[in-house]
Amino acid sequence: MTIQSLGYIGVNSTQLDQWRDFACDVMGLQDVSSDLGDAHTQFYKMDYHPYRLFVQHSAHDGLAVCGWETNNQQGLDEVAAALTEADVAFEWADQLLISKRRVQNLLSFTDPAGNQHEAYWGVVSDFKAFNSPQGVPGFVTADQGLGHVVLPAPNFSETAQFFTEILGFGLSDLMKLRFTPDPEEPIKRLWFMHCNRRHHSLGLLEIPHPAGCIHVMTEVNAIDEVGRCNDRRIAADIKLSGTLGRHANDHMVSFYMQSPAGFDIEYGAEGRTVDDWSRYEVFESTVPSFWGHDFSVGQQD
Ligand SMILES: [Fe+2]
């Protein structure tokens, strides 16, 4: 598999100050913008990578890009070859973008649903320890990447096929959803896919979304850190989108909150990993969670 993990995400923001408060005060990420950023771009660190999240000033709020990590130039060349063979347009980055992303080489492409992606290799790291302003001891990253992202994919079949057949993601599990009790409402498909031992790094949901993203998940090392983040969320008056619960697919204990970009951040712990996907049985869930995760709170004013 050429794509190894979700390496970074980029966000568009009309109000950079809101993101600084949210990322540092609530999520507990380390602001490294004074080292890496400029007046229009903020960078946030979660681990030994130079950053895992960047936020750039924009005329609109939403997800800008998902950055997918490959091991080396050969891995990136394999991504380029797969895109070429499938007749999918992509662009090799110029030196300016490569140095801005702090990688060795990078290419950009768009998936069939219009979501923007980058693939790269070779992050530039000074190996400074992660130092959370909120005392978060650490996030679960390394070979599992920064977490997972769930993207809108109204043209579902085409988009799911793109990730599984062209980019080599494996299907982990799936759901078929209706958002109302109306049996006439068309079913929306939700697929969860893996590219490493994290249960899923990518989800696709068969709806459009104005923020270009349903949610991004970050995982901390202990359940107490999930509770502490929820305390900080309450103190900062950040809207809860989904109550605490444990997911049936990745076993994550998490809650959801609304980021300043209009998509949710899922903040969790105790996610499971799968070491041997050849022995894993793909399944369909009829419920998202063993318990909790009441998403109706997000619909209330
Ligand atoms: Fe999630």
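Predicted model: local features only at pLDDT ≥ 70, side-chain atom pairs only at ≥ 80, totals over all residues.
**The whole chain**
- The protein chain has six helices and 18 strands (DSSP runs numbered from the N terminus: H or I of at least four residues for helices, E of at least two for strands).
- Its radius of gyration, taken over C-alpha atoms, is 18 Å, close to the 19 Å that the globule rule gives for 301 residues, so the chain is as compact as a globular protein of that length. That rule is 2.2 Å times the number of residues to the power 0.38.
- Of the 301 residues, 42% count as buried, where buried means 20 or more other C-beta atoms within 10 Å of the residue's own, with C-beta atoms placed from the backbone.
- Take the contacts between residues at least 6 apart in sequence: 69% of them join residues at least 24 apart. A contact here means that the C-beta atoms, placed from the backbone, lie within 7 Å.

**The sheet**
- 10 strands make an open sheet with mixed pairing, in the order S17-S10-S11-S12-S9-S13-S16-S15-S14-S18. Two strands pair if DSSP finds at least two bridges between them.
- S17 (283–285) and S18 (289–292) stand at the edges with a single partner strand each, so one side of each has no neighbour in the sheet.
- S9 (residues 148–152) and S12 (residues 202–205) pair in the parallel sense over four bridges.

**Two domains**
- The domain assignment, which is automatic or from a database, gives domain 1 (5–121) and domain 2 (142–299).
- Their C-alpha centres lie 20 Å apart.
- 31 residues of domain 1 are in contact with 36 residues of domain 2.
- On the side of domain 1 that touches domain 2, S1 gives the most, with seven residues.

**A look at Glu-69**
- Glu-69 is found in strand S5 (residues 62–69).
- Glu-69 is buried, with 25 other C-beta atoms within 10 Å.
- Leaving out residues up to four places away in sequence, Glu-69 touches Gln-4, Ser-5, Gly-7, Tyr-120, Trp-121 and Gly-145.
- Glu-69 and Gly-122 are 53 residues apart along the chain, yet their C-alpha atoms are separated by 8.3 Å.

Conventions: Residues numbered from 1 in each chain as written. Buried ≥ 20, exposed ≤ 12 C-beta atoms within 10 Å, placed from the backbone. Contact = placed C-beta atoms within 7 Å.
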